[in-house]
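Hi everyone, thanks for coming. Please have a look at the sequence and the model on the screen, and then I'll walk you through a few places in it.

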Amino acid sequence: MPTQPLTFDLLLLPTWLVPVEPAGVVLKDHAVGIQDGRIVFMGPRHLAEKHTALETRELPEMLLSPGLINAHGHAAMTLFRGMADDLPLMTWLENHIWPAEAKWVDEAFVRDGTDLAIAEQIKGGITCFSDMYFFPKVASERVHNSGIRAQIAFPILDFPIPGASTADESLRQAVELFGDLKYHPRIKIAFGPHAPYTVGDENLEKVRVIADELDAAVQMHVHETAFEVQQAVEHNAERPVARLARLGLLGPRFQAVHMTQINDEDLSLLVESNSSVIHCPESNLKLASGFCPVERLWQAGVNVAVGTDGAASNNDLDLLGETRTAALLAKAVSGSATALDAHRALRMATLNGARALGQESEIGSIEVGKAADLVAFDLSGLAQQPVYDPVSQLIYATGRDCVKHVWVAGKQLLDNGQLTRLDEQQLCATAKAWGERINSHTH
C-alpha cells in the first residue's frame with residue numbers, strides 16, 4: 001500500500017468490490033483509486049481517506065468488477081441481426097449470410113455496424129472485445145474513436161473476401177496494420193484464419209510463420225459442429241485440432257473458438273499446447289451446433305473464455321447473459337450442479353478472457369498496476385433482493401440493464417447508463433436505415 005499520500009484522478013467507493021483475483025473474494029467497504037488510467041490503490045475505505053481525489057464517486061448498492069471481456073465476435077454483423085434466424089449453420093452461412101455479405105459489406109457497413117456493436121457492448125458492461133470481420137482497419141478506427149479496448153483479428157480465407165482478393169493480400173494488410181498499431185494502448189492486431197474448412201495448409205503455415213515472428217495471437221473457429229469434424233476425418237483422415245497441432249498453430253497465443261466436439265486426443269492437445277478455448281454457448285445452442293464441455297476443459301487445466309459470437313447468430317452482444325447461459329449449460333452438460341459456479345463464471349468473462357487474448361498482465365482483474373477497466377452493476381433493484389452473495393446475484397439474477405457505469409483505462413464511457421462518447425439516437429437511426437435498405441432488396 002502506498003505510504004505517501006496520493007492524489008487520485010478518481011476514487012470509486014462501491015458497496016461490493018469483486019477483484020476476481022484472488023478467486024472467490026468479495027470485499028465490502030473497499031475503495032479503488034485510479035491515476036493516469038491505472039489502478040494505484042485498492043484497500044479498505046478508511047485507508048483511502050488518507051489520500052486526496054480530484055473526483056470521488058459513491059457507488060451505493062453497486063458491485064464493482066473488472067470490465068467484461070467478449071472474447072469472440074463479428075462486430076459489424078449487428079446489421080444482420082435477426083435476418084436469417086432458426087436455420088442450421090451451413091444453410092445459414094451458405095444461403096443467407098455469405099450472399100448478404102457479398103452484396104452489402106463495404107467500408108460504410110463495417111463502420112456503422114461496428115459503432116452499433118461497440119455501443120451495445122459498452123452498455124452491457126463490456127470493456128474489451130475481440131472482433132473478426134472484414135475491413136479490419138475500419139473497425140480499428142472505430143475502436144480507437146470510441147475509447148473501448150479490442151483485439152482485431154484479421155480474417156484470412158482461401159477465397160476472395162470484402163477488402164482482400166487473396167489470403168496473401170489479407171496477410172500483407174494484417175502485417176501493415178500490426179506495425180501501425182503496435183504501440184496503441186487499447187488495440188491489439190491478431191490473425192483470424194476463418195476455419196479449418198476455409199483455409200488450407202499452405203495459408204495456415206504462412207499464418208503460423210508470421211504470427212510467430214510478430215508474437216501475435218491467432219483466433220480461429222474450430223470444431224464448431226460434428227459435421228465439420230466428420231468431414232475433415234473423411235477428407236484428410238485427421239481431426240481439425242490434430243491438423244492444427246501438426247501445422248504448429250496450437251500454443252498459448254492460439255484461441256480456439258467454439259470447440260463443441262472434444263475427444264480425449266483433442267483435450268490432451270489443448271492441454272499440452274496451453275491453447276485457450278472460447279466458448280460461445282448461445283450461438284452454439286441457436287444453430288444446434290453442440291455443447292462445449294466447459295467443466296471438463298476447466299478441470300483439465302484449459303483456459304476457457306466466453307464470447308457472444310456475432311449478433312447475426314446470437315442475437316445480442318450481451319456477455320452477462322452469455323455467462324449465465326454458460327454457467328447453466330455447464331451444469332447440464334457435465335451432469336453436476338457444482339460445475340462452473342457463479343464466481344468461476346465471472347472469472348471466465350473477465351480474467352480468463354484477458355488471458356486468452358494475451359492481456360492478463362493488463363486487464364481482467366482489479367489489481368494495483370493494471371489498467372482501470374471497470375464496470376459497476378446496480379444490485380439495488382427488486383429482482384436482486386435480498387443479496388446473500390452479490391456474485392451469485394450478478395450471474396443468476398441480473399440483466400445487463402443493471403450496468404450503470406463503465407470505465408476503460410480510467411475514462412468513463414458509460415455514466416449512469418448513458419453513453420458518454422457515442423450518440424445512441426444517431427446509432428439507432430443509422431441501423432434502421434441499413435435495415436430498410438437490406439430488407440427492400442431481399443423481399
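What volume does the largest cavity have? About 30 Å³. Before I go on, a word on what you are looking at: this is a predicted model, in which local features need pLDDT of at least 70 and side-chain atom pairs count only at pLDDT 80 or more, while totals for chains, interfaces and linings use all residues. Residues are numbered from 1 along each chain as its sequence is written, and side-chain values use heavy atoms, with hydrogens and water left out.

Now, back to the empty space. Rolling a probe the size of a water molecule over the atoms shows where empty space is left. Here that is done on a 1 Å grid over the protein atoms alone: a cavity is a set of points where a 1.4 Å probe fits but cannot get out, whereas a pocket is an open set with protein on both sides within 12 Å along at least five of seven lines. Lining residues have an atom within 4 Å of a point. Points are joined across faces, edges and corners, and the volume is the space filled by probe spheres set on them.

A search of the whole structure finds one cavity of 30 Å³ or more. Around the largest cavity you'll find Asn70, Gly73, His74, Ala75, Gln121, Phe129, Thr308, Asp309 and Leu317. That lining splits into three nonpolar residues, five polar and one charged. For the sorting, Ala, Val, Leu, Ile, Met, Phe, Trp, Tyr, Cys and Pro count as nonpolar, Asp, Glu, Lys and Arg as charged, and the others, Gly among them, as polar.

Let's turn to the largest pocket, which has a volume of about 430 Å³. It is lined by 30 residues, and the closest to its centre are Leu93, Trp98, Glu101, Phe134 and His194. Which helix gives the most to this lining? That is α2, residues 89–104, with seven residues. Helices here are DSSP runs of H or I with at least four residues, strands are runs of E with at least two, and both are numbered from the N terminus. By type, the pocket lining has 19 nonpolar residues, eight polar and three charged.

On annotation, UniProt lists residues 64–412 as "domain: Amidohydrolase-related", in an unreviewed entry; such annotations may be inferred rather than shown by experiment, and the positions are in the numbering used here. Over residues 64–412 the chain is 43% helix and 17% strand, with the end C-alpha atoms 14 Å apart.

Helix α5 covers residues 167–180, and its 14 residues reach 20 Å from first C-alpha to last, close to the 20 Å expected at 1.5 Å a residue (the expected span is 1.5 Å times one less than the number of residues). Its buried residues are Ala167, Ser170, Leu171, Ala174, Leu177 and Phe178. These cover an arc of only 130° around the axis, so they sit on the same side of α5; the arc is that of the directions from the helix axis to the C-beta atoms. Arg172, Glu176 and Asp180 are exposed on the other side. Buried means under 20% relative accessible area, exposed over 50%, and partly exposed in between, with a 1.4 Å probe and protein chains only. Gln173, also in α5, is partly exposed at 27%.

Helix α6, residues 201–214, also has a buried set: Asn203, Leu204, Val207 and Ala211. Their arc is only 100° around the axis, which puts them on the same side of α6. Glu202 and Glu213, on the other side, are exposed.

Last, some backbone features to look up on your own screens. Most residues other than glycine have a negative phi, and most peptide bonds are trans. Val20 has a positive phi, near 75°, and is buried at 6% relative accessible area. The loop between β2 and β3 holds Val20 and also Pro22, which is joined to Glu21 by a cis peptide bond with omega about 0°. Another cis bond runs from Asn314 to Asn315, with omega near 15°. Finally, Phe135 has a positive phi of about 50° and lies in the loop between β9 (126–131) and α4 (136–146); Phe135 is buried, at 18%.
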